[in-house]
Amino acid sequence: MATESIPRDSTTDDVPESGRRREILLAAINLFRERGYHATGMTDIGAAVDLTGPALYRHFESKEAILETALLNAARYMENKVATAIDAGSEPAETLQRLIADLVRTVLDYPAVTAIAITERRHMSDRAKAIYDRSTRLRAAEWVGPLKTLRPDLTETEARLRVRCAQDMLAASLLTPSQLGSDATGARLEAAARAILLDAGGRLMPPQWPADADDDVPLTG
Amino acid sequence: MTATQAAVGDQVAEDPRPRAKRRPYRKQQILDAAIGLFAEQGYHATGMNDIGAAVGITGPGIYRHFASKEAILEAALEQAADRTLAQVQAIAEGTPDSKDRLEQLVAHGITSLLENKALFTTALNERRNLSEAGHALFARSQRLRIQEWAQPLTKLRPDLTEAEARFLVTITQAMLISSARFHDEMPEERLREFLFNTAMAALLSGS
């Protein structure tokens, strides 16, 4: 499986990581994605960066600390990108377009950390989870502003849920490998996110298909 | 007979108790309780004892029904996959028009998702932990669900290659699974309508 770097800003800007810590985070992220958090041991992470157990623990006190650092760095990286896009002060349509494009880029550039943010989030401590979720909510809220200017007909709840649908769709798209090239994947993802945010609506659901008559039949019998 | 029934049949054959003492709903109760616990506290954090406690039987009692935690997850997945596939094929056969068929399939997908949200979430997060057989089962049923939607979508949108249609279906289904968490944000009827509209928008996007 292709390995990836971790978001650069997280090491150069406000979350300084030394070269060694960075290497460890990188190796761990890729192992977590390939095998799952639970199946990955500190020994595996150490082996991937040629460190013995004790040496590894000098950098991170636990596997949980590695996961939390990686996910919180990624959250901060994405928050910074959102802030930059909002601060540019463009027209709402342009701002929204940039927010979408930035997230698509991040997802495609950093697939492992994006994927483990979905599948391994619950292995974080409650404290780290709270910080991470707050960051997720903040990033969603920043999309709601321009969306509501463009679609004043949407209720607050609907605008917020559309944003979550679009953002979740982008992240979850990684859990199944794309058969399209990376450019085509990016273009399709951007168009789909735009459509979810701006075009959805006005369709009547078809009458419900008859419920399954077998629903209450027990497995044994 | 489905594979699930076959597996269940094997288990029952090994059950030492007299027939009358067996509780036919037990197996289903265990499956439902386990899936709820997996989604709530994670697959790894859930022990056979927790599952037993949730249905009022001791840990060892559970083993009369399922050989392992993995077997429970796989049985639940297989059951859901069989049921979904049968329904999806019935819709496909009964709805020749591509637009109607796609809309029916999306509506059905949303209903079945809201009914099985704990299972879908667990499957998505834990599929690396499945046995090879469980993994293959999950991958096969996902492929079939994608294929069933991609067929009418390709007919409806000649601008898409088959790979592009499958990609749009894949991301739409992934979005629906993630958004099962919205159930406390809107009344169910409105949520269904909302998800239907966002899903159709994603499927028809980029034309």
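User: How many salt bridges are there between chain B and chain A?
Analyst: There are four salt bridges between chain B and chain A. A salt bridge here is a side-chain nitrogen of Lys or Arg within 4 Å of a carboxyl oxygen of Asp or Glu. In one salt bridge, the side chains of Arg203(A) and Glu103(B) meet at 3.4 Å, N to O.
User: What kind of model is this, and how are residues and chains labelled?
Analyst: This is a predicted model, in which local features need pLDDT of at least 70 and side-chain atom pairs count only at pLDDT 80 or more, while totals for chains, interfaces and linings use all residues. Residues are numbered from 1 along each chain as its sequence is written, chains are lettered from A and ligands numbered from 1 in the order in which they are written, and side-chain values use heavy atoms, with hydrogens and water left out.
User: Back to the two chains. How many residue pairs are in polar contact between them?
Analyst: Between chain B and chain A, eight residue pairs are in polar contact, both residues being at pLDDT 80 or more. A polar contact is a pair of N or O atoms within 3.5 Å; within protein, one must be able to donate a hydrogen and the other to accept it, and residues adjacent in sequence count only if both atoms are side-chain atoms.
User: Which element gives the most to the side of chain B that touches chain A?
Analyst: That is α10(B), with eleven residues. Helices are DSSP runs (H or I, at least four residues), as are strands (E, at least two), numbered from the N terminus.
User: And what is that side like by class?
Analyst: The side of chain B that touches chain A has 27 nonpolar, 18 polar and 14 charged residues. Ala, Val, Leu, Ile, Met, Phe, Trp, Tyr, Cys and Pro count as nonpolar, Asp, Glu, Lys and Arg as charged, and the others, Gly among them, as polar.
User: How many residues are in contact, and what area is buried?
Analyst: In chain B, 59 residues are in contact (heavy atoms within 4.5 Å) with 49 residues of chain A. About 4800 Å² is buried between the two chains, and carbon and sulfur atoms give 63% of this. Buried area is the accessible area (1.4 Å probe) that two parts lose on being put together, summed over both.
User: Which three residues of chain B supply more of its buried area than any other three?
Analyst: They are Arg128(B), Phe167(B) and Glu185(B), which supply 13% of the area that chain B buries against chain A.
User: How many salt bridges are there over all chains?
Analyst: The search of the whole structure finds 17. Among them, Glu23(A) and Arg20(A) meet at 2.7 Å, N to O. Both lie in helix α2 (residues 19-35) of chain A, three residues apart, about one turn of the helix.
User: Why do such side chains pair?
Analyst: Side chains of opposite charge can pair when their charged atoms come close.
User: Are Glu158(A) and Arg162(A) buried or exposed?
Analyst: Both are buried, that is, under 20% relative accessible area, where exposed means over 50% and partly exposed in between (1.4 Å probe, protein chains only). Their side chains form a salt bridge at 3.6 Å, N to O, and both residues lie in helix α9 (residues 156-172) of chain A, four residues apart.
User: What about Arg35(A)? Which residue does it form a salt bridge with?
Analyst: Its partner is Asp44(A), the closest N and O atoms being 3.4 Å apart. Arg35(A) is partly exposed at 38% relative accessible area, and Asp44(A) is partly exposed at 28%.
User: New topic: how many aromatic pairs are there over all chains?
Analyst: The count is three aromatic pairs. Rings of Phe, Tyr and Trp (its six-membered ring) pair if their centres lie within 6.5 Å; planes under 30 degrees apart count as stacked, over 60 as edge-to-face and the rest as tilted. One of the pairs is Tyr77(A) with Tyr110(A), edge-to-face at 5.6 Å centre to centre, with 85° between the planes.
User: Where do Tyr77(A) and Tyr110(A) lie?
Analyst: Tyr77(A) lies in helix α5 (residues 63-87) of chain A and Tyr110(A) in the loop between α6 and α7 (111-119) of chain A, so the pair ties together parts 33 residues apart in sequence. Both residues are buried.
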